[in-house]
Number of protein chains: 2
Amino acid sequence: MTNKQFRLAARPVGVPKASDWKLGEEEIPTPVDGEALIKNEFISLDPAMRGWMNEGKSYVPPVELGAVMRAAAAGKVIASKHQDFAVGDAVEGVLGVQQYAISNGRGLRKVDTKLAPLSAYLGGLGISGLSAWFGLFEVGQPKPGETVLVSGAAGAVGSTVGQLAKIHGCRVVGIAGGAEKCAFIRELGFDGAIDYKAEKLSDGFRRELPKGIDIYFDNVGGDTLDAALTRINLHARVVICGAISNYNATEKPKGPSNYLSLLVNRARMQGFIVFDYLKKYPETYQALSKHYAEGKLKLRETVVEGFETFPDALLKLFTGENTGKLVLKI
Amino acid sequence: MTNKQFRLAARPVGVPKASDWKLGEEEIPTPVDGEALIKNEFISLDPAMRGWMNEGKSYVPPVELGAVMRAAAAGKVIASKHQDFAVGDAVEGVLGVQQYAISNGRGLRKVDTKLAPLSAYLGGLGISGLSAWFGLFEVGQPKPGETVLVSGAAGAVGSTVGQLAKIHGCRVVGIAGGAEKCAFIRELGFDGAIDYKAEKLSDGFRRELPKGIDIYFDNVGGDTLDAALTRINLHARVVICGAISNYNATEKPKGPSNYLSLLVNRARMQGFIVFDYLKKYPETYQALSKHYAEGKLKLRETVVEGFETFPDALLKLFTGENTGKLVLKI
């Protein structure tokens with residue numbers, strides 16, 4: 001029995017290639033005092049991982065060449081010398097793209113698999129849910145009755161943002177690629193859907209946003225952000241959660257040429273990182289779980305099976321093959 | 001005796017041309033009950049005026065074709081049927097590019113020419129001072145010890161922003177074009193100056209901003225904004241006051257391609273319009289006047305003489321020929 005691991009072999013240029021990864025294996029480690037050994041069952045696949053592969057200063061240090069790829073993962077404790085974790089506990093944390101992980105307990109969260117399946121704690125009841133929550137409420141500061149536009153609306157974060165905004169009493173419009181994704185977000189309760197693959201954004205905006213945009217929650221960047229800026233209302237808030245359209249760019253991406261709409265409309269564009277709200281994680285996990293338990297927050301996931309498919313599975317984020325949270329099942 | 005007026009004859013494409021204006025004259029109007037007649041002495045020349053000449057929705061309606069060009073102006077009351085204004089009062093308001101103006105008193109402010117020369121009430125003790133104040137304090141929210149970078153630093157707004165930030169205990173660096181302007185802002189107490197005509201911004205930033213940027217007060221937009229975004233600190237604030245580099249553009253300007261620095265640094269970029277803070281004008285005029293009276297706020301102006309030179313005088317803003325406030329003396 002060995003521990004298979006994906007290590008970063010090279011810094012990708014553009015879309016990550018097979019040669020950017022090295023699949024290795026090592027002995028399964030043994031926990032010492034204060035540690036637990038986890039057998040990972042699901043690896044979280046997140047757009048942010050692409051950024052972690054790049055060199056240079058960012059909000060977290062890059063994954064070093066040769067290191068196990070950083071990722072959130074969920075699994076079960078199979079050996080423990082940590083007082084807070086017992087064999088059999090279901091847990092979630094930044095455990096890496098590997099089959100087994102040692103944890104000293106920092107950032108390791110026990111989760112309740114009676115309430116929701118284990119993988120949900122990587123999605124809407126995990127980091128994606130937190131990103132949606134803090135971006136929407138802490139940065140976006142929505143008021144009931146306001147119009148919220150979300151891009152990447154069928155993704156893990158976007159689909160949660162939309163549902164939280166609906167619960168809060170907002171009107172919610174999503175941008176997604178394809179009829180199936182648009183049907184999905186309508187099922188979730190979105191008031192409107194714009195299929196960017198089937199229509200011009202400007203046409204969709206005209207139809208779905210007669211009262212403009214009070215909050216634009218941006219997961220994609222590029223032309224979508226630029227177009228949304230033309231429709232913002234007075235005192236609008238543009239929440240920059242991500243820019244998946246840029247992450248594999250080999251040339252410097254275009255900036256939002258309509259940014260002066262921020263001036264005309266006295267609006268703000270603000271970025272955030274989920275880690276900054278660490279102190280609010282417990283109460284937010286609780287709130288998300290409550291919405292989920294009450295059936296108000298629905299979670300969808302796209303599961304890819306097989307640890308060794310990781311390099312290809314990750315790319316599905318960028319080709320938009322996932323609906324809801326993308327997870328790798330080991 | 002007639003009232004000469006510049007009216008908007010055409011919507012300019014790019015840099016305003018002589019043919020975009022019509023110099024006309026009419027009889028000097030007579031005030032009726034509730035009105036005062038002002039003889040303008042100084043016309044305020046502001047970058048925002050270029051925007052007012054364009055068609056389309058903005059924060060104020062465009063100047064209509066054929067209408068007297070909108071502008072702030074300062075002068076003396078020469079006839080009055082308004083209870084609050086007497087002949088001889090020095091006043092300032094949005095009086096238009098004309099020699100004489102009728103006012104019903106709305107937005108007309110009596111000013112003290114014993115404290116400061118009349119034209120100062122168009123600059124640092126007027127709309128430029130208000131813009132600097134609200135942009136810096138309301139949007140930028142500086143803390144003592146923070147580093148403030150200002151572009152267009154030798155202009156009316158920029159030079160005031162820098163001085164107010166110094167009074168507040170910040171470290172202040174300005175970007176200006178030419179050795180003379182850089183010497184001027186150093187005289188005003190700026191801690192550092194970057195001459196964008198003589199050096200690369202990146203070199204200037206490396207020298208003058210060893211601790212990065214906490215607040216970037218942007219008057220120019222374009223490449224300067226984009227470059228500044230690469231140097232912002234955690235929780236930085238980018239105050240969008242204007243974008244003079246774009247105002248005469250005939251093609252869609254480039255957006256700030258480094259805007260994702262807002263995400264990495266959990267920073268915000270926010271626009272504002274001075275008119276939104278109308279309720280705070282009286283206390284702010286008072287504060288600006290106090291700093292001026294105490295010698296802490298120094299005002300410089302570039303005066304162009306002759307009413308009929310208006311079309312050319314306005315363009316000096318865009319060629320950067322002014323240091324401090326640009327005013328037209330009638």
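The legends below describe close-up views of a predicted model.

**Figure 1. Overall fold of chain A.** The secondary structure of chain A consists of nine helices and 15 strands. Its radius of gyration is 20 Å, close to the 20 Å given by the globule rule for 330 residues, so chain A is as compact as a globular protein of that length. Along the principal axes, the C-alpha atoms of chain A fill a box of roughly 60 × 45 × 35 Å. Of the 330 residues in chain A, 49% are buried. Among contacts in chain A with a separation of 6 or more, 65% join residues 24 or more positions apart.

**Figure 2. Crossing of helices α2(A) and α8(A).** The axes of α2 (residues 127–140) and α8 (residues 281–293) of chain A come within 10 Å and cross at roughly 100°. The two helices, α2(A) and α8(A), are therefore roughly perpendicular to each other. Gly129(A), Leu130(A) and Trp133(A) of α2(A) meet Tyr281(A), Thr284(A) and Leu288(A) of α8(A). The residues of this contact comprise four nonpolar, two polar and no charged.

**Figure 3. Contact between chains A and B.** Chain A contributes 27 residues to the contact and chain B contributes 26 residues. On the side of chain A that touches chain B, the elements giving two or more residues are α7 (261–264) and β13 (268–271) of chain A. The most come from β13(A), which gives four residues. This side of chain A has 14 nonpolar, seven polar and six charged residues.

**Figure 4. Strand pairing across the two chains.** Strand β13(A) pairs with β13 (residues 268–271) of chain B in the antiparallel sense, over three bridges. Within β13(B), Arg268(B) is the bridge partner of Gln270(A).

How values were computed
Residues are numbered from 1 along each chain as its sequence is written. Chains are lettered from A and ligands numbered from 1 in the order in which they are written. This is a predicted model: local features need pLDDT of at least 70, side-chain atom pairs count only at pLDDT 80 or more; totals for chains, interfaces and linings use all residues. Axes are lines fitted to C-alpha atoms, for helices over the stretch in contact, and angles run from 0 to 180 degrees between N-to-C directions. Angles under 35 degrees count as roughly parallel, over 145 as roughly antiparallel, 65 to 115 as roughly perpendicular and the rest as oblique. Two residues are in contact if their C-beta atoms, placed from the backbone, lie within 7 Å. Ala, Val, Leu, Ile, Met, Phe, Trp, Tyr, Cys and Pro count as nonpolar, Asp, Glu, Lys and Arg as charged, and the others, Gly among them, as polar. The radius of gyration is taken over C-alpha atoms; the globule rule is 2.2 Å times the number of residues to the power 0.38. A residue is buried if 20 or more other C-beta atoms lie within 10 Å of its own, exposed if 12 or fewer, and partly exposed in between; C-beta atoms are placed from the backbone. Two strands pair if DSSP finds at least two bridges between them.
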